[in-house]
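These are my notebook entries on what I looked up in this structure, kept in the order in which I went through it.

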Amino acid sequence: MSHGSTAKPIAAIVGAGRTKFGELWYDNPEKLLFEAGLQCMQSVDKGINRTQLQAAYFGSFLYQSTNKIGLIPGHMSKELGLNIPISMTEAACASGGSALYNACVSIRSGLHDIVFVGGFEKMTDRANLISDDLMFAADPNEVNAGYTFPGLYATMMARYMYDYGKGNEDCGDAMAMVAVKNHHHAMPNENAQFRREFTVDAIKNSSIVAHPVRLLHCSPVTDGASALIITTPEKAKEFTDDPIYIMSSQQATDAISLYSRESLTSVKTTKLAVGAAMKEANVTYDDIQIAEVHDCFTVEEVMFLEDSGFYKTGEGWKGVYESYESGKGSKHIPYLNEGKELIVNPGGGLKADGHPVGATGIRQVQECWAQLRGEAGGQQVDGDIDTALAHNIGGTGAICTAHILRRNI
Ligand code: COA
């Protein structure tokens with residue numbers, strides 16, 4: 001596929017792996033990470049030895065409270081049998097994306113040229129306590145006010161529906177259609193937590209969690225891990241004839257509390273990180289075929305479509321509604337805008353593939369890597385795909401990472 005971009009890659013992915021997502025009660029976090037890492041090493045076409053790894057960056061959020069463990073680098077040093085620098089990144093649900101951002105910094109700086117990146121979370125063991133644990137990623141005043149994460153996103157969704165969809169039932173349907181689409185996309189995904197179709201009515205009639213957020217608007221509580229090996233663009237072909245290039249790696253940060261934000265209906269860090277990533281990669285939406293988007297609650301996918309510029313402010317839900325109506329029944333349901341098609345979350349996204357928070361940002365990039373190589377199994381997108389975007393959010397938007405990947409440079 002030819003494209004007009006003249007940007008140079010900053011790094012290359014030569015291997016990727018993941019565990020299944022779901023309730024994996026029999027494994028501990030470091031074993032999950034090791035399993036994803038092993039699959040990642042085995043995916044390197046021309047082979048790699050663990051002694052070639054020069055550094056590792058791991059993302060996770062809650063392991064200290066969910067599993068009463070700390071100093072993960074020590075555990076991983078033992079598992080890997082290596083004494084290389086191993087660093088941890090905590091950025092709530094963007095811990096994985098942020099680990100990759102830091103790994104890219106180390107490659108860009110020239111300090112390392114073969115870096116292992118991983119993400120993991122083990123949430124299901126905590127049963128009813130996990131909603132409270134997740135609130136580490138919120139402002140203390142929000143905690144004291146009795147908020148949970150579904151509650152915080154309910155505030156954003158309620159405001160969005162009031163501002164842009166008041167009196168129009170189609171807006172509520174559009175919020176449900178995001179979930180229907182992503183559950184549909186996950187049906188062939190062998191690693192997904194949920195492989196189950198839902199109707200729009202089923203989403204709208206599921207149990208209320210925090211009005212207007214219902215159970216089926218939410219991403220689930222999940223265990224899982226994911227891993228990548230990245231190297232310099234120059235070294236990539238030593239490991240594979242088909243590397244996937246990282247064209248841009250960006251991260252933006254904002255206040256943690258919703259009440260400090262400029263808007264409840266858009267996420268500033270998405271605008272900043274995705275805007276900077278598109279600029280760095282020198283691409284527009286005309287170049288991007290698939291996007292892995294942080295759909296922790298369905299309204300977040302709608303806001304992404306606006307914050308990243310795919311739809312105009314306030315019109316995302318209309319785009320979702322119209323796209324769903326014209327695409328339902330097909331293997332993937334693309335978002336449509338003036339002749340442009342964008343497939344979002346081709347393997348089911350956080351909603352249906354699952355959301356082990358620290359693993360998510362790396363899982364998104366692993367999915368893009370597999371899609372771009374034509375190796376995504378049953379959820380492989382039809383046609384020629386060359387460029388993908390991965391968007392990972394922490395908290396209600398205090399942090400966002402964006403990575404743009406490309407097969408042909
Ligand atoms: N999507 C689809 N199905 C879900 C689901 C989800 N998010 N969460 C649970 N289910 C299913 C379960 O598999 C179960 O199905 P079954 O009856 O067929 O076995 C049923 O719904 C009830 O599951 P249960 O575990 O009792 O649900 P719950 O009420 O304890 O938890 C939520 C539901 C929505 C509260 C929970 O998933 C949640 O807190 N999600 C948000 C997580 C979060 O905030 N992450 C951070 C994002 S920033």
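I began with contacts, and for these entries contact means heavy atoms within 4.5 Å. With that in hand I looked up A138, which touches V143, F149, L152 and I256 when residues up to four places away in sequence are not counted. I worked on a predicted model, in which local features need pLDDT of at least 70 and side-chain atom pairs count only at pLDDT 80 or more, while totals for chains, interfaces and linings use all residues. Residues are numbered from 1 along each chain as its sequence is written, and side-chain values use heavy atoms, with hydrogens and water left out.

Entry: I took helices (H or I, at least four residues) and strands (E, at least two) as DSSP runs, numbered from the N terminus. On that basis A138 lies in the loop between α5 (130-134) and α6 (140-144). I noted burial by relative accessible area: buried is under 20%, exposed is over 50%, and partly exposed is in between, with a 1.4 Å probe and protein chains only. A138 has 7% relative accessibility and therefore counts as buried.

Entry: I counted two strands as paired if DSSP finds at least two bridges between them. The open sheet has 11 strands with mixed pairing, in the order β3-β2-β4-β7-β1-β8-β13-β12-β9-β11-β10. Because β3 (86-89) and β10 (335-337) stand at the edges with a single partner strand each, one side of each is left without a neighbour in the sheet. Neighbouring strands of this sheet are turned by 25° against each other on average, direction ignored. For one parallel pair I looked up β2 (residues 55-59) and β4 (residues 114-122), which are joined over five bridges, and I noted that G59 has G119 in β4 as its bridge partner.

**Entry: strand β13.** Which residues of β13 point one way, and which the other? I399, T401, H403 and L405 point one way, C400, A402, I404 and R406 point the other way, and all are buried. In a regular strand the side chains alternate between the two faces of the sheet. Since eight of the eight residues of β13 (residues 399-406) are buried, the strand is largely enclosed by the rest of the structure. I then looked up its partners: β8 (residues 244-253) pairs with β13 in the antiparallel sense over eight bridges, with A252 bridged to C400 in β13. Strand β12 (residues 387-394) also pairs with β13 in the antiparallel sense, over eight bridges, and here A390 has H403 as its bridge partner. β12 and β13 form a hairpin with four residues between them, and G395 in the turn has a positive phi of about 65°.

**Entry: helices α7 and α11.** Two packed helices are described by the angle between their axes and the distance between the axes. I used axes that are lines fitted to C-alpha atoms, for helices over the stretch in contact, with angles running from 0 to 180 degrees between N-to-C directions. Helix α7 (residues 149-165) packs against helix α11 (residues 298-307) at an angle of about 60°, and their axes are 10 Å apart. The two helices are therefore oblique to each other, given that angles under 35 degrees count as roughly parallel, over 145 as roughly antiparallel, 65 to 115 as roughly perpendicular and the rest as oblique. On the α7 side Y153, M156, M157 and Y160 meet V299, E300, V302, M303 and E306 in α11.

**Entry: backbone details.** Where did I find a cis peptide bond? It joins H211 and P212, with omega about 5°, and P212 is found in the loop between β5 (208-210) and β6 (213-214). A92, in the loop between β3 and α4 (95-109), has a phi near 50°, a positive value in a residue other than glycine, and at 5% relative accessibility A92 counts as buried. E338, in the loop between β10 and β11 (340-344), likewise has a positive phi of about 50° although it is not a glycine, but at 79% relative accessibility E338 counts as exposed.
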